[in-house]
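Please read the points below with the model open beside them.

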Amino acid sequence: MLRRYVSEGKTPMAFQLAEAYVEFSSRGLGGVNSAIGKLTSSAGSVFSKLTSVQGLLAGLGAGVSFAGSLRSAREQIAAEQKLEAVLTATGNAAGVTADQIGSLASERQRLTNFGDEVTINAAGVLASFKQIRGGVFTQTLELSQDMAALLGTNLQGAALQLGKALNDPATGLTMLNRAGVTFTQSQKDMIKSLQQSGDLLGAQTVILEEVRNQFGGTAEAMADPLIQFGNAVGDVVENVGFALR
């Protein structure tokens, strides 16, 4: 996913290392060592937080092992295949394509601690709820990251909780309450009334607004450059695996 960052000209500290993927893409396995060199030189002050640059280099070398690369590539492929399967099974009720979700996952990887394959897996869970569509789908995926970041929970679990609440607010709000999302009685009454009148989108909007009020922006605020760097290195490792398949 790193090529997208380069083409868009986005160069935050952790993602200056995107050049490494370009090196790898153009030279295949022969460019791996050069790519790793670019990674280590572009991370800048991130390395000052580590106890040993030599240790980092050793870790990167281990990360680009054949077995590790193949495993990373398979994990990415499995996440994408699961998403495709759910979209097909639901007749693409979500109203978004796998490519659109992949692009969003890449962008969120740039902004948060969540790797793109983790976000794609969560999207697969969310896509199983047929009443969550379009803009509501993408908002829900991002807010799931905010919830997971603040509560320290699994992203797929957060997507499941929020998905159930939005798919059937009358019964799903209880799960959100257990997760720490609170609603006033007037909000609960409004959500129930909107759903009963057939305005499910209106009910979903009330829920999303309150979740955003309590959790919005948390995932980005908690972004750790070291974790983001590791995720970007993971993209390089994945692409080594793709070349080996």
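**Notes on the predicted model**

1. K164 sits in helix α9. Helices (H or I, at least four residues) and strands (E, at least two) are DSSP runs, numbered from the N terminus. This is a predicted model, in which local features need pLDDT of at least 70 and side-chain atom pairs count only at pLDDT 80 or more, while totals for chains, interfaces and linings use all residues. Residues are numbered from 1 along each chain as its sequence is written, and side-chain values use heavy atoms, with hydrogens and water left out.

2. Leaving aside residues up to four places away in sequence, K164 touches F129, G172 and M175, where contact means heavy atoms within 4.5 Å. K164 and Q131 are 33 residues apart along the chain, and their C-alpha atoms are separated by 9.7 Å.

3. Helix α9 also packs with α12. Their axes come within 9 Å and cross at roughly 145°. Axes are lines fitted to C-alpha atoms, for helices over the stretch in contact, and angles run from 0 to 180 degrees between N-to-C directions. On the α9 side the residues are L162, A165, L166 and N167, and they meet L200, Q204, I207, L208 and V211 in α12. This contact divides into 7 nonpolar, 2 polar and no charged residues. Here Ala, Val, Leu, Ile, Met, Phe, Trp, Tyr, Cys and Pro count as nonpolar, Asp, Glu, Lys and Arg as charged, and the others, Gly among them, as polar.

4. I101, G102, A105, S106 and Q109 of α6 make the contact with D116, T119, I120 and A123 of α7. By class, there are 4 nonpolar, 4 polar and 1 charged residues in the contact of α6 with α7.

5. The largest nonpolar core has 44 residues, and F137, M147, L176, I207 and V211 have the most contacts inside it. Such a core is a set of buried Ala, Val, Leu, Ile, Met, Phe, Trp, Tyr and Cys residues joined through side-chain atoms within 4.5 Å. Among the helices that each supply at least two residues of this core are α5 (66-89), α8 (134-151) and α10 (169-178). Helix α8 gives the most, with 7 residues. Apart from residues up to four places away in sequence, F137 touches A94, V96, I101, A123, L126, A127 and I132.

6. N92 is in the loop between α5 and α6. Most residues other than glycine have a negative phi. N92 is not a glycine, yet its phi is positive, at about 50°. N92 counts as partly exposed, at 30% relative accessibility.

7. For the protein overall, there are 14 helices and 0 strands. Buried residues make up 46% of the 245 residues. Of the contacts with a separation of 6 or more, 70% are between residues 24 or more positions apart.

Methods: Buried means under 20% relative accessible area, exposed over 50%, partly exposed in between (1.4 Å probe, protein chains only).
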